[in-house]
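Trainee: I would like to learn how to read the features of a model with some care. Could we go through one together?

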Amino acid sequence: MTKGKITKLSVSDVRFPTSLEQHGSDAMHTDPDYSVVYVVIETDGGLKGYGITFTIGRGTEIVVCAVEALSALVIGKSLEDIVSDFRSFYRLLTSDGQMRWIGPEKGVIQLATAAILNAIWDMWARAEGKPLWKLLVDMEPRQLIRCIDFRYLSDALTEQEALEILEKAKEGKQQREEQMLKEGYPAYTTSCAWLGYSDEQLTELCSAALAEGWTKFKVKVGADLQDDIRRCSLIRKMIGPEKTLMIDANQRWDVAEAITWVTKLAEFRPLWIEEPTCPDDILGHAAISKALAPLGIGVATGEQCHNRVMFKQFLQASALQFVQIDSCRVGSVNENLATILMAAKFKVPVCPHAGGVGLCELVHHLSIFDYISVSASLDNRMCEYVDHLHEHFKSPTLIRNAHYMPPKDPGYSTEMFEESVKKHQFPDGEVWKSILEKK
Ligand SMILES: [Mg+2]
């Protein structure tokens, strides 16, 4: 692998005006404009890597700034240098002696780290001519472990334990890979029931989803209890008693309120309540988990979980029953590998968060890897799917019979069409120019 040194890193603020149609609206984010910070890295040997992190409009320019601040740590390195000691490179980005003060490993700087590292992983997979999931599946356990920064984890998961989990899962890998290629990884849909959608829209989208073969549905809740009861009842009636329903409050409640509110929705038998309260409140989630366990309702969270250390504590405190990793919130594949392995040790299913722009494209690579190389189980496991904005990606997701089919193109499915990037650049792309002129 001698493809030269990284000589260029460019970053763009790309926004889609989704708030105009209430796509993505929930109890806390009522008008999201789905956006990405789009990073392209290039080597002098002609290799490219594309990376994103996800944002929802205003503030994207701050993440762009953070990427620019980190770019000096990337320029001049070769891909070979980076991936031969990926753990050290991860730490170089996340533990820079001055920049770590504005994190560490959380918030804007970690979103920026995610965008850059996603681009590096994309470049690596391209250099190997493999889709990212396959690059991971083909790696030896020791090589995978060398990508992970185990700092702060050893009280919950040691390197040796992580290695044993991966060694043990070697059994049956080939069959599971074949199964994935044939059947794909189970998905659920969040497209039917955004909070801002009318009942008519909800009914229409739900019957279309049923006709397409979807069996697992998520409903946004948390703004008004009577509305929630009406909407959950509507969906439960439409999907029938056998199919799966999940609810998502997007951090709306205090702890006691979450317990009371969800108890009132228990008759609709949700599998989980997602983000019932502040995403940082580990003990609060533990209290909610304990109170809802007798009702058969689990707690799911993770899309705004800062880093692997928080996931460690959520797992140690039995504060979640579903781990929702996100491909763009934490330190890319490196940090998600740590969380996937901790979840395996604690025997908690990983059900990734997706949607937004590109989150589906990226994260299903990790679900497929998780099944083939780590968990070896599909019990209570599924990956979120939202049917928006896939047309802007060169290797969009392929859903067949409510399953994510494994991507075939080399890379991490992160490359966008140049035209899409150009048109949606904020504020000078033509889409935004015309919107801003009308304001
Ligand atoms: Mg959510």
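Trainee: How many helices and strands are there in the chain?

Mentor: Bear in mind that this is a predicted model; in it, the chain holds 17 helices and 12 strands. The radius of gyration is 21 Å, close to the 22 Å that the globule rule gives for 439 residues, so the chain is as compact as a globular protein of that length. Taken along the principal axes, the box filled by the C-alpha atoms is roughly 60 × 60 × 45 Å.

Trainee: What share of the residues of the chain count as buried?

Mentor: Of the 439 residues, 52% count as buried. As for the contacts between residues at least 6 apart in sequence, 75% of them join residues at least 24 apart.

Trainee: How should I read the packing of two helices, and at what angle do α4 and α14 pack?

Mentor: Two packed helices are described by the angle between their axes and by the distance between those axes. Here helix α4, residues 107-128, packs against helix α14, residues 332-346, at an angle of about 95°, with the axes 7 Å apart, which makes α4 roughly perpendicular to α14. On the α4 side the contact is made by Ala114, Leu117, Asn118 and Trp121, and on the α14 side by Ser332, Val333 and Asn334. Sorted by class, this contact of α4 with α14 has four nonpolar residues, three polar ones and no charged ones.

Trainee: How do I read a sheet, and in what order do the strands β1, β2 and β3 stand?

Mentor: Strands of a sheet pair through backbone hydrogen bonds, and the pairing is either parallel or antiparallel. In this case three strands form an open sheet in the order β1-β2-β3, with antiparallel pairing. Strands β1 (6-15) and β3 (48-55) stand at the edges, each with a single partner strand, so one side of each is left without a neighbour in the sheet. On average, and with direction ignored, neighbouring strands of this sheet are turned by 15° against each other. Strand β2, residues 35-43, is joined to β3 by eight bridges, and the bridge partner of valine 40 in β3 is tyrosine 50.

Trainee: Do strands β4 and β5 run parallel or antiparallel?

Mentor: Strand β4, residues 185-193, and β5 run parallel and are joined by two bridges, with alanine 193 standing opposite valine 219 in β5.

Trainee: How many residues of strand β5 are buried?

Mentor: Five of the five residues of β5, residues 216-220, are buried, so this strand is largely enclosed by the rest of the structure. Lys216, Lys218 and Lys220 point one way from β5, while Phe217 and Val219 point the other way, and all are buried.

Note on methods:
Residues are numbered from 1 along each chain as its sequence is written. This is a predicted model: local features need pLDDT of at least 70, side-chain atom pairs count only at pLDDT 80 or more; totals for chains, interfaces and linings use all residues. Axes are lines fitted to C-alpha atoms, for helices over the stretch in contact, and angles run from 0 to 180 degrees between N-to-C directions. Helices (H or I, at least four residues) and strands (E, at least two) are DSSP runs, numbered from the N terminus. Angles under 35 degrees count as roughly parallel, over 145 as roughly antiparallel, 65 to 115 as roughly perpendicular and the rest as oblique. Two residues are in contact if their C-beta atoms, placed from the backbone, lie within 7 Å. Ala, Val, Leu, Ile, Met, Phe, Trp, Tyr, Cys and Pro count as nonpolar, Asp, Glu, Lys and Arg as charged, and the others, Gly among them, as polar. The radius of gyration is taken over C-alpha atoms; the globule rule is 2.2 Å times the number of residues to the power 0.38. A residue is buried if 20 or more other C-beta atoms lie within 10 Å of its own, exposed if 12 or fewer, and partly exposed in between; C-beta atoms are placed from the backbone. Two strands pair if DSSP finds at least two bridges between them.
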